[in-house]
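Subject: Structure handover

Hello,

Here is the structure I promised to pass on. Please open it next to this email and follow along.

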Amino acid sequence: MSVSDLAPSHIRAIAPYQPGKPISELAREMGIEESSIIKLASNENPLGVSPLAQRAIQAVLGDLGRYPDGNGFELKQALGERYGVALDSIVLGNGSNDVLDLAARAFLTPADAAVYSQHAFAVYPLAVQAMGARGIEVPARDYAHDLDAMAKAITPATRVVFIANPNNPTGTFVGADALEAFIKGLPDHVLLVLDEAYNEYLPVEVRTDTVAWLRRFPNLVISRTLSKVYGLAGLRVGYALASPEVAGLMNRVREPFNVNSVALAAAAAALRDDDFIRASYELNRAGMTQITEGLTALGLKYIPSYGNFVSFEVEDAAGVFQRLLQAGVIVRPIAGYGMPNHLRVSIGLQSENARFLESLERAIA
Ligand SMILES: *Cc1c(COP(=O)(O)O)cnc(C)c1O
């Protein structure tokens, strides 16, 4: 008997998450300078860390000998202020990935099932599998969530439905009316985890106050992150907003100190940095236009995206990915998401987008 047989079969069956290639790794492999590489592979904010967050980080460094505030009071207050929610409706996470896991841990057992879409964020099947629960993947329609089919896939064993809106890696978006109708139709025994990691990038005209829905739907969990528009991906901080009952259960399975002191302080400051958020949003809109026009000029098809990234179709995606790496440009292959002919590129600085497009033109020639 091998030591790996000691783990339950549902753990052994997990296929590990494949992150974007780090700059340092490509520099090592290719023997080139890190500064000559651009990474557009993990939907990070190309402007980096907000100035207000940088100051908060400096201010907290002297206190790192102490444990963090396990209740995250200061950050919860900043969130309460911004979204008008009570502090007992908030669950803090080590990234929103942690929050997604907490929802699975609090609500799924091996007897239960969870529903999510084909081409949806890879963490949902991982979180579900880790609990030994059954994952039901519903075929997408034109790469987007098919809400009717998802509703039909719900069984008496289903406890959780995951929806990413906008979705990663497709960038597709479900409008407010369709989403609200879906939530209204959910049976009482099902919780909806609505993952809004890219919410802040939504164009103004499609935004809805989903937080206001929490008062009407006690089975709604909204997950958000500081990793994307707020520029704190390396610190790992995210949060869920839910009814106090649901938040209370998720907090019971949370590690007591899951969010570190630097992350707590930086996140509270970043949430209040309206100038930085606006600049990041505008940079993304301009960059999205630059990249999608560039893709069209190259004769490539892309999936219109509501996030800070766009997935496009190429012949021989694996080969194009490798040739881009050789040019020092890191994008993301998404074959693992059932999209072997697509690559995903994150929107970068204007100069990064331009270099990506030039390198891509050579890579597909
Ligand atoms: C990036 C992303 C997250 C956030 O991950 P963090 O753990 O908060 O860094 C969550 N959901 C989706 C769909 C994402 O793309």
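Which side chain meets aspartate 274 in a salt bridge? The partner is arginine 82, with 3.4 Å from N to O. Keep in mind that this is a predicted model.

**Two domains**

The domain assignment gives domain 1 as 3-48 + 274-363. Domain 2 covers 61-270. Their centres, taken over C-alpha atoms, are 23 Å apart. Domain 1 brings 32 residues to the contact, and domain 2 brings 34 residues. How much area do domain 1 and domain 2 bury between them? The value is about 2600 Å². Of this area, 64% is on carbon and sulfur atoms. The size of an interface is often given this way, as the accessible area lost when the parts come together. The count of salt bridges between the two domains is 1.

**Aromatic rings**

Next, look at the rings. There are 7 aromatic pairs in the structure. One of them joins phenylalanine 173 and tyrosine 306; the centres are 5.1 Å apart and the planes stand at 35°, so this pair is tilted. The angle lies between the cut-offs of 30 and 60 degrees. Where do the two residues sit in the chain? Phenylalanine 173 is in the loop between strand E5 (158-164) and helix H8 (176-185). Tyrosine 306 is in the loop between strand E9 (302-303) and strand E10 (309-313). The two are 133 residues apart, and the pair links distant parts of the chain. Tyrosine 306 has 31% relative accessibility, so it counts as partly exposed.

Ring pairs also build a cluster. Its members are Phe121, Tyr124 and Phe162.

**Arginines over rings**

Arginine 207 lies over the face of tyrosine 281, 5.3 Å from the ring centre. Arginine 344 lies over the face of phenylalanine 309, and here the distance to the ring centre is 5.7 Å.

**A loop residue**

Last stop: aspartate 142. Look for this residue in the loop between strand E4 (134-138) and helix H7 (147-153). Is aspartate 142 buried or exposed? Its relative accessibility is 68%, so aspartate 142 counts as exposed.

Best wishes

Terms used:
Residues are numbered from 1 along each chain as its sequence is written. This is a predicted model: local features need pLDDT of at least 70, side-chain atom pairs count only at pLDDT 80 or more; totals for chains, interfaces and linings use all residues. Side-chain values use heavy atoms; hydrogens and water are left out. Rings of Phe, Tyr and Trp (its six-membered ring) pair if their centres lie within 6.5 Å; planes under 30 degrees apart count as stacked, over 60 as edge-to-face and the rest as tilted. Helices (H or I, at least four residues) and strands (E, at least two) are DSSP runs, numbered from the N terminus. Buried means under 20% relative accessible area, exposed over 50%, partly exposed in between (1.4 Å probe, protein chains only). A charge sits over a ring if NZ of Lys or CZ of Arg is within 6 Å of the ring centre and within 35 degrees of the ring normal. Domain bounds come from an automatic or database domain assignment. Contact means heavy atoms within 4.5 Å. Buried area is the accessible area (1.4 Å probe) that two parts lose on being put together, summed over both. A salt bridge is a side-chain nitrogen of Lys or Arg within 4 Å of a carboxyl oxygen of Asp or Glu.
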